[in-house]
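Please keep the viewer open while you read this note. Go through the points in order and find each residue as it comes up.

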Amino acid sequence: VLGVFGVVFISNVYPAIPNNIIIEALVNFDIKITSPITAFRASYQLDKFAHITSSRRQLYINPEDFSKLPGSIAITVDNTTYCIFITDDIVTCFLCK
């Protein structure tokens, strides 16, 4: 079942940016979201810090929508604009694309 979906990584995500705003921005690019956004945990060894997340999140989309993904999106929250970066799990040559 997992082969029908493609993973998308979202980085440089400030903690105050709600997932629904990111989803709305992606839907505006006509991208079909197939999972909720999940946050990566920060890599702390102590259990008391397990609740701290990193600035990266991920979600799954329809693989046919990979070509619609922008490299970055400007998100505005509380009158502050943040630039988040979007990558997929497709390996691409940097020289010839």
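This is a predicted model: local features need pLDDT of at least 70, side-chain atom pairs count only at pLDDT 80 or more; totals for chains, interfaces and linings use all residues.

The points below cover strand pairing, an aromatic pair, and a few loop residues.

1. Look at strands S1 and S5. They run antiparallel, and four bridges join them.

2. Now move to S4 and S5. This pairing is antiparallel too, with six bridges.

3. Follow the chain from S4 into S5. The two strands form a hairpin, with two residues between them. Asp78 sits in the turn and has a positive phi of about 50 degrees. Asn79 is also in the loop between S4 and S5. Its phi is positive as well, near 65 degrees, and Asn79 is not a glycine. Is Asn79 buried or exposed? Asn79 has a relative accessibility of 82%, so it counts as exposed. The cut-off for exposed is over 50%.

4. Next, the aromatic rings. How many aromatic pairs are there? The count is one. Its members are Tyr14 and Tyr82. A pair of rings is described by the distance of the centres and the angle of the planes. Here the centres are 5.0 Å apart and the planes stand at 10 degrees, so the pair is stacked. Stacked requires planes under 30 degrees apart.

5. Check where these two tyrosines come from. The pair links distant parts of the chain, 68 residues apart. Tyr14 is in the loop between strand S1 (6–11) and helix H1 (19–27). Tyr82 belongs to strand S5, residues 80–88. Tyr14 is partly exposed, because its relative accessible area is 44%.

6. Asp30 deserves a look. It lies in the loop between H1 and strand S2 (38–41). Its phi is positive, about 65 degrees, although Asp30 is not a glycine. With a relative accessible area of 56%, Asp30 is exposed.

7. Finish with Asp65. Where is Asp65? It lies in the loop between strand S3 (53–61) and strand S4 (72–77). Asp65 has a relative accessible area of 6%, so it is buried. The limit for buried is under 20%. Leaving aside residues up to four places away in sequence, Asp65 touches Asp30, Ile31 and Lys32.

Conventions
Residues are numbered from 1 along each chain as its sequence is written. Side-chain values use heavy atoms; hydrogens and water are left out. Rings of Phe, Tyr and Trp (its six-membered ring) pair if their centres lie within 6.5 Å; planes under 30 degrees apart count as stacked, over 60 as edge-to-face and the rest as tilted. Buried means under 20% relative accessible area, exposed over 50%, partly exposed in between (1.4 Å probe, protein chains only). Contact means heavy atoms within 4.5 Å. Two strands pair if DSSP finds at least two bridges between them.
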